[in-house]
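Dear colleague,

I am handing over the structure we spoke about, and I would be grateful if you would look through it before reading my notes.

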Amino acid sequence: MFDLIKIWKHQGRQYIPDVLSVTLPSIHAGKPQIEAKSCKNNCKACKDICPSKAIDINPVNLDLGKCVFCGECETLCPEKKIAFTPDYKICSNDQSLLMIYEGEQREIKLNPDKIRNEIKRLFGHSLKLRLVSAGSCNGCELELNACGNVNFDMGRYGIEFLASPRHCDGVVVTGPIVENSVEALRITIEAVPHPKIFILNGVCAVSGGIFAESNAVNRSILDIYKPDLLVPGCPPHPLTFISGVLALTGRSA
Ligand code: SF4
Ligand code: SF4
């Protein structure tokens, strides 16, 4: 009994009371900021080092939908223009809102005009999701699994992963969508009753990431099924996923 009390006291209260107002430690690489100061002559160190072609210059801009958050651009920039902040709210439903330009001070949000009416109406209290790994490394799955643990507890918002797509309201995809997964993904999406939500989780799913140009990747299914939510990160932090889904379903701005 005393041992149990000691463990309880040692661990303290683990759950996060409000997942929308947490301050993550500075070591977390979230939304980048690019300062509006001049680059050294002909410098393109950030563009050259970026493994996923997420950066362009003149002006310096960074595509969060392609960034794998390796931090190399921040380390190599001689002017220290690029800095990753701990801001984990980096989801959007609009690719253009994932572009960060130098000198820009903007929160990343969803485009309200692109949220279908039935999403807020039907999924604002309960949302059951089926996960499909379409060539993922399992990093995304680990973090999505953590979304339901005692710390993040997304079940308190009625958001859960289920096994059967027939009992779900939407599909979450991880991985760059490899050819061998396309048919399984299509069958799973079709098995979810209408209306349904479609989420791309992780840079691989959002843009193909570092695998975008691989012959094994076939993203043509995205011409048919349009995503309702893009979740950047490699892998996305549980708070990124949860805050994005809450915004999509009308439970936060
Ligand atoms: S942190 Fe992102 S933008 Fe910077 S080099 Fe890595 S992948 Fe490219
Ligand atoms: S986004 Fe990163 S963590 Fe997720 S599947 Fe791709 S490589 Fe793995």
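The notes below go from the whole chain to its sheets and its ligand.

This is a predicted model, in which local features need pLDDT of at least 70 and side-chain atom pairs count only at pLDDT 80 or more, while totals for chains, interfaces and linings use all residues. Residues are numbered from 1 along each chain as its sequence is written, and chains are lettered from A and ligands numbered from 1 in the order in which they are written.

The protein chain contains 8 helices and 10 strands (DSSP runs numbered from the N terminus, helices being H or I of at least four residues and strands E of at least two). Its radius of gyration, 19 Å, agrees with the value near 18 Å that a compact globule of 253 residues would have (taken over C-alpha atoms, with a globule rule of 2.2 Å times the number of residues to the power 0.38). Along the principal axes, the C-alpha atoms fill a box of roughly 60 × 55 × 35 Å. Of the 253 residues, 40% are buried, that is, each has 20 or more other C-beta atoms within 10 Å of its own C-beta atom, placed from the backbone.

One open sheet has 3 strands in the order 2-3-5 with antiparallel pairing, where two strands pair if DSSP finds at least two bridges between them. Strand 2 (55–56) and strand 5 (99–101) stand at its edges with a single partner strand each, so one side of each has no neighbour in the sheet. Strand 2 is joined to strand 3 (residues 61–63) by 2 bridges in the antiparallel sense, and Ile 55 has Leu 62 in strand 3 as its bridge partner.

Strand 6 (residues 127–133) is mostly covered, with 5 of its 7 residues buried. It pairs in the parallel sense with strand 7 (residues 159–161) over 3 bridges, where Lys 128 stands opposite Glu 160.

Finally, ligand 1 is surrounded by 14 residues, of which the closest are Cys 50, Ala 54, Cys 67, Cys 70 and Cys 73 (a residue counts if its C-beta atom, placed from the backbone, lies within 6 Å).

With best regards

Conventions:
Buried ≥ 20, exposed ≤ 12 C-beta atoms within 10 Å, placed from the backbone.
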